Every structure is written in structure tokens, then in C-alpha cells.
Amino acid sequence: MGHALFALLIQRLIFFYFIGINLGYFSLNVISLFSIMRYTRERVLNKLPLVYSGFELPISLLVPAYNEEANVSESLRSLLQLSYSEYEVVVVNDGSKDKTLEVLKADFGLVLYAESIPGQLETKAVRGVYHALEYPNLRVIDKMNGGKADALNVGINYARYPLFCSIDADSMLQRDSLQLLVQPFLEDPKTVAAGGTVRVANGCQVQGGFLIKSGLPKNFLALFQIVEYLRAFLFGRMGWSPMNAVLIISGAFGLFRKDTVIAAGGYRHGTIGEDMELVVRLHRTLREAGTQYRITYVPDPICWTEAPEDWKTLKNQRVRWHQGLSQSLTLNWSLLFHRRGGAAGWVAFPFMIVFEWLNPVIEVFGTLFMLWAAICGYISLPALGLFLFAAIGVGVVLSLNALLLEEMTFHAYPKMRQVLLLFLIVLAENFGYRQINAYWRLIGLWRFAARREAKWGEMKRTASWHSPVKVEERG
Amino acid sequence: MVSALSSDITLRLALWAGLASVATSLFLVMLILCMRGALLIRTRHHARFLTVWRPLLAECLLALPPDIPRVPAREAIAFFNLWNYVHESVRGEARERLNTVARQSGADALAVTLLETGRLDERLMAIATLGSLGEKSAWSALSRIAAHEHPILSFTAARALMQINPEGSIGLVISSALVRPDWPFSKVAALLKETGADIVSRPLVHALWEADDRKSVLLLRYMKVAHYTLAAPSIRKRLHVTESVEVLCACLSLLEDPVELEAVREFVRHPVWAVRVQAVRALGRIGSTADARLLLEAMGDAEWWVRHRAGEALALLTGGSLPRHLLVETPEDYGRILTLPLRREQSTGSEEEREAEWVPERLAA
């Protein structure tokens, strides 16, 4: 009787959690739907040719690079061809062990150039500053290894312009991305940060550092991630944006007001998810200070990035992401239900704790519990089937909704058979992939709880638009 | 126990949730497929539309096409898109010919209709079209929309008014810009620049004479697009009468002649560092080599930005060749480096030699 009561209680708990999470996601979906419709209508004139007036806010693009000898030059060439009125590219070589610096020196004719900086953020020592004589808007900072956060802080110290955009060295921007991402800063001076959309580049064709044709990859793990990215950005971020409660701006593509970030202390050393931690900290510090601000998501500036195509790399990435999420939330606890916390502190932060941070615990142990209960006879097999039926069904609906948002807006995958393939992926991801993902995230949570030092695993990149290469990420 | 749990309401809810999900999923799949089908049909129609209109509008770059078809209402938005795109890309007589094509094809009437009845995107496109056309008959409707609470709608209408009659609408645009914080500064400034200094200078100066400090800051920022000779008297007056740091900074950032050189020199020692920054920058633009010592003094300022801008100003004043007796007095390493920008390009030595020349520690030694 005791076991049965326990089983009933747990079953109820799981069920109410299931209802809560899906109601939450459904609400975000609805908000996203209306926001995206409004956004696309308001921006109809953005497609017309733009004449730069000289009054646009200049931007410093910060590109932290660690062992990126294979990709860095091609990425840089595309960054140097972006269409924007005034911007600079600051590459920060974070003590690479490979020939990243040598490759840059050779490809861009770098010369050493001493430079004074305000040095507002403490960082590891800078070994040299290089200017490219042929590209006046390109500088390379060579520094001692200190991790991505440290590299970004060096970049902030050397940035000349009031806005900075962090970009991963292996990512590609669309030519008009900066022009679109800067709009919230122009329209609302309270804007302190804006994030764009990150999409999976696997399967796409690239020429001259720019994407010329989008496509779907053959690798099924990359296919699953395409649907995940659509969910994460089109309704994850878009849903929170109207409430000024976006807690995540991808480190691969985010634009920030430099003075606000410096005032908040820059990127935090030793964190894995330095991008999310910074955004949550900005919310916290600005809310605590009672400062009016906006942190927003803009759906149409797109950054293409490569998704892992093997289990090991994907696992490492997901474990790290969950460790990063754990750090971001726990380092900023005071935002939770802060009296000036607004939607960020009262809605997004608790939602993130319950439905993202603790989700793997419920998902993994919930699934195991249901199996145990079914085996022990506390619930019948048809009942187990019904729960799975509901869970998978709702998961499919949410993913399909992300596809609907994509269909309403960008049509990145133009062929009918691509749409049909994505339908299949939406269904297939529920049978194994999501469960494994939950297990990896649980590992991340465990490692965080056990205070295991965050490690960067080996990152295997196929870089199908470049030559295949395997590099080791920072340790 | 099994039956007790099976009959539980949670199971019934799970069943309904599952069934509802299946139904919703099927609906979403059908919806997406229908939307994709519609998109493919639209794409085909659009391709056909382009085969007619693209060569026709391209022909306008050289001459007016002899036969101009009517634009059907269902293709109005596609036409406005293409027409505006071409219109924004060309200048001179080609624009006049494009306007003629739009009028003869009936696009102007379609735009007027959409102005009142369309969705937000259709209205925006219609406003842009009427502005580019210089459609005077839409003046009153556009004036109404320029006061609309929606910032993008109202600003687009204001731009259209400026395109139709710049002299008649500049007052409205400036007064609206001063009271509408939701109109982006950069877009208003771009609009003023696009309209031209000949038209915007006097109204801006007139507004500045009457403005309080709060409005003056904004007007002074817009003043960058005005003729300096017209703006200078009002800038000078503000420089002497204002107590606002923001206004002072804005005035200093605009000074382009040495009339106020003495005042600028005094501001180099102002207690607020933001003013000192603008003062040393102004000195770089309007000062003489006699100001080198004052700038050297500023390079010992407690604030990095003042030191940095003083270094830049010194480089500007001396053309990168600071006299040696002053160079040795330079208080900080970077100051010396900033005053020597030409050496980098003139250097022909090996990388090691260049490094020896440029690494600050070695320079300091």
C-alpha cells in the first residue's frame, strides 16, 4: 500500500510537471506567433536598399579564437565583407597551441603595433597587438591562454566602438546580419543587448565565406539539431523577448552595449556558459539598480554555425551547456523574485529553473519511475502507453509549431521534400534522441553539483564547407 | 491498484492530451503543407510578375517604356516592392520615368487605397511608394499618419512628407523629432541628411535658438547635417550661456573654426572629464602647434579618455611629427606612440625590428 501511494504521488507530480511545462511552452509559442507576425510586417521596408547616413552606431566584432588555424582566415574574410557602415574586427588569439597566429600573420599581413587601452577589465597578459595594413578595420590581439571569457574581455578592452558583437571563429554571418541586429539599439536607446538567430550550417553550401544555398545535412544528429535550434530560437527566444525576459543570447552571435557590460564586470572568468551568465547578470544588475533597459531578440539576423555530427562531441556540448546553465542561474540567484525583477525575475528565471535546469531530473527519473511502476504493476502497460502517447504527442506539437513559425517567416529550407524530411525528424527525435539528451543534461547537472571542474572536451568539426579538420578545444 | 490508477483522472487527461496532440499535429502538418503549397504558387506568380516588370522598370533607366500595363490589385505589394527597390537604387531622370510608370500603371491609386485600408506592412509599403512618387494628393492623409502613435508608421509618413515637400514639412519633422523619443535618432538624422543641408539648416538653427537645454542636446546632435556657417553663431552662443554638461559637450564636438579657440583652451581644464575630452578633440581640429604643450598636459589627465584623445589631437595637430623636445616630455608611452602614426607605414625593417620599434615596454625603456 505504501509503495502504491508513493507511486501515485510521483505519478501525479510528473503529470502536473508535464502540464506545467507544456502550458509554459504553449504560451511562449502563442506569444512568438504574434510577435513574429508583427515583426515581419513592421520590417517590410528593411528589404529596400539602405543608404548609410553615418549616424549608425559603429560596432566592434569580437572573435575569440583558440586553435582555429583551419577556419579562422576564411571566417575573417567573410566578416570583413559584411555590409555595415562602420565596424572593426578584433580577433583575440587566446594562446592557441596551433598556428592560428601564424596563419593570420601570413594571410592578412599583420604587423605589431603598440596600443594604449583603458584596460577596464582585468585579463591575462596581452603579448602583442597586430594591425593589418591592408585591412584598416582588422586587429589581432595575441594573449596568454585564459579561456573564452578572458579572450572576450580582452576584446572588450581593445574595442573602439560603443557596441560589440561576439562571434565564434567558426561561425558565418549573413551579409546583412549586423545591419539587422543593430536595429533595436537604434530604435530604443535603452537597449543593452540583442541576440540574433543561430542556425545549423551542416548541409549548406558556402562560397567566399558566405552561405549561398541552405540545405539539410545527411547526418541524422545534425538533422535533430536543426529542429532543436528552430525551437530554441523561434519560440524560445522570441517568446521571451516582448516581456524583456530573454535570458540567453548565444555567444555565437550577440550584440552588446560596451559600457553596460563593462559596468557589470564583463564576462565572468571560469564560467562555461559565459554568454548566458553575462545576460542573466545584466538583467540582475540592471534590475537591482532600477535602470531602465531592454534585452531583446531579433529573429532575422542569422548566424550559421556547425553542429556536432558525432555522439561524443554532441554529448560534451550538451553536458557543458547544462553546466553553463547551472552556473548562470546559481551565480545570479538574487534575480529570482527580486522586488524589481520584472518578468525576468518573476517569470523567466523561475521557468528556467523548473523547466530547463531541473528538467533532466524529472525527465530521466520520471521515465525510469514509470518503467519501474509498470514493471512492478503499480501502473498498467496501457496507462504507461497513454503517458508516453501524451508526452510524445505534445513534444511533436511544439516542434511542429517551430516549423510553422519558420514557414511563416524565413523559409530557409525551400524544397517540399526538405519540409517532409523535417516532419519525420520532428517525430523521430522523440524516440531516443530527446531521452539521451535529457540524460546528458543530467550528467551536466551532476557535474555542476559535484563541483567538477568544467572541461572543454574534444571538438570534432567536419567543416564541410572547408577542408575536414579536427581540433582540440581549450582545456 | 492497477484499475484504481487506470481510472484516475490523470489517465483520462493524458488520453485527451495525446488525442489533442495528434489532432493538432495533423492540423499543423496540413497547415504547413498548405502554406508551402501557397508559397510555391506565389513564387511562380512572382516569377511571372518579374518577367514582365523587371525588364520594364530596367528600361526606365534609359527611356520611358512605350507600353505600360496596369498593375492588378493582387500584385500591388509585389509591384511596390520592386518599384521602390529600383527607385531607391537610381537617381535623376530615371526616377522621374519610374514615377511616370507608377502613375500610368495605376500604382499610385492602389497605394492611396492601401494607405487607409491595408495591413501594417501594406500601409508602410504604400507610404513609401507615395513618398517616392512625390504624391501631393496624399499630403493630408500622410500628415495624419505622421502623428500616429506607431513609431515606424509615423516616421515613414514623415519621411514621405519630406520627399513630397521638404520645405513644407521640415518644421513638422523637427518639432515631432523633439517630442517623440520613439523616433530613432539615427533615422531622423539620416532623413535630415538625405533632405540636404540647404533645407534643414535654417529650421534647425531657428529651433536651437528657442530650445531649452534638453531639446538643445538633440538639436545640436542633428546640427552635424547643417551648414556650419549657419549653425556656428547659435553654437557659440550656447557654448557661453549653457550650464549643461551635455550641451557643452555637444557644442564642443561641433566647433570647426578657431573663433572660440580661447574658450576651448579653458575647457581643457574643465572639472568634468567628458567636457575635457571634447575640448581636446576640438583643439585637435581647430588649434595650432602652439597648443601642443596644452595637449601634452592633457595627456597626464587622470581620465584615460582625455589622455587618449589628447594624444590623437596632438597627432592631428603635428601631423605625426611632434618636435623631439616635446616628445621626451610625453607623460605616457602610448602618447608617444599616438604621435607617431606615420612610422608604422614607413617602417621597412624586419618584423623583429618593427616589434622593437612598437612594443610599448621597449619604447619606454
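At roughly what angle do the axes of helix α1 and helix α7 of chain A cross? In this predicted model, the axes of helix α1 (residues 2-42) and helix α7 (residues 220-240) of chain A cross at roughly 85 degrees and come within 8 Å. Angles from 65 to 115 degrees count as roughly perpendicular, and α1(A) and α7(A) are therefore roughly perpendicular to each other.

**Helix packing in chain A**

- On the side of α1(A), the contact with α7(A) is made by A:Leu28, A:Asn29, A:Ile31, A:Ser32, A:Ser35 and A:Ile36.
- On the side of α7(A), the residues of this contact are A:Leu234, A:Phe235, A:Gly236, A:Met238 and A:Gly239.
- The contact of α1(A) with α7(A) comprises 6 nonpolar and 5 polar residues, with no charged residues.
- Helix α7(A) also packs against α13(A), at an angle of about 70 degrees and with the axes 9 Å apart; these two helices are therefore roughly perpendicular to each other.
- In this second contact, A:Val227, A:Leu230, A:Arg231, A:Leu234 and A:Phe235 of α7(A) meet residues of α13(A), including A:Leu398, A:Ala402, A:Leu405 and A:Glu406.
- The contact of α7(A) with α13(A) divides by class into 8 nonpolar, 2 polar and 2 charged residues.

**The sheet of chain A**

- An open sheet of 10 strands in chain A has the order β3-β4-β5-β2-β1-β6-β11-β8-β12-β7, with mixed pairing.
- Strands β3 (110-112) and β7 (172-173) of chain A are the edge strands, each pairing on one side only.
- Strands of a sheet pair through backbone hydrogen bonds, in either a parallel or an antiparallel manner.
- Strands β1 (residues 59-65) and β6 (residues 163-167) of chain A run parallel and are joined by 4 bridges.
- Within this pair, A:Ile59 stands opposite A:Leu163 of β6(A).

**Nonpolar cores**

- The largest nonpolar core contains 137 residues. Those with the most contacts inside this core are A:Ile59, A:Leu61, A:Leu62, A:Val63, A:Val90, A:Leu247 and A:Val279.
- Helix α13 (residues 381-409) of chain A supplies the largest share of this core, with 14 residues.
- Apart from its neighbours within four places in sequence, A:Val90 is in contact with residues that include A:Ser60, A:Leu61, A:Leu62, A:Val63, A:Arg139, A:Ile141 and A:Tyr158.
- A second, separate core has 88 residues, among them B:Phe79, B:Leu142, B:Tyr222 and B:Leu254.

**Interface between chains A and B**

- At the interface, 50 residues of chain B are in contact with 44 residues of chain A.
- Helix α2 (residues 9-59) of chain B gives the most to the side of chain B that touches chain A, contributing 17 residues.
- That side of chain B has 30 nonpolar, 11 polar and 9 charged residues.

**Chain B**

- Chain B has 23 helices and 0 strands.
- Chain B has 365 residues, of which 37% count as buried.
- Among the contacts in chain B between residues at least 6 apart in sequence, 63% join residues at least 24 apart.
- Residue B:Glu194 belongs to helix α10 (residues 185-195) of chain B and counts as partly exposed because it has 15 C-beta neighbours inside 10 Å.
- The C-alpha atoms of B:Glu194 and B:Glu149 are 24 Å apart in space, and these residues are 45 apart in sequence.

Methods. Residues numbered from 1 in each chain as written. Chains lettered and ligands numbered in written order. Predicted model: local features only at pLDDT ≥ 70, side-chain atom pairs only at ≥ 80, totals over all residues. Contact = placed C-beta atoms within 7 Å. Nonpolar A, V, L, I, M, F, W, Y, C, P; charged D, E, K, R; others polar. Core = buried A, V, L, I, M, F, W, Y, C linked by C-beta atoms within 7 Å. Buried ≥ 20, exposed ≤ 12 C-beta atoms within 10 Å, placed from the backbone. Axes fitted to C-alpha atoms, helices over the stretch in contact; angles between N-to-C directions. Parallel < 35°, antiparallel > 145°, perpendicular 65-115°, else oblique. Pairing = 2+ DSSP bridges.
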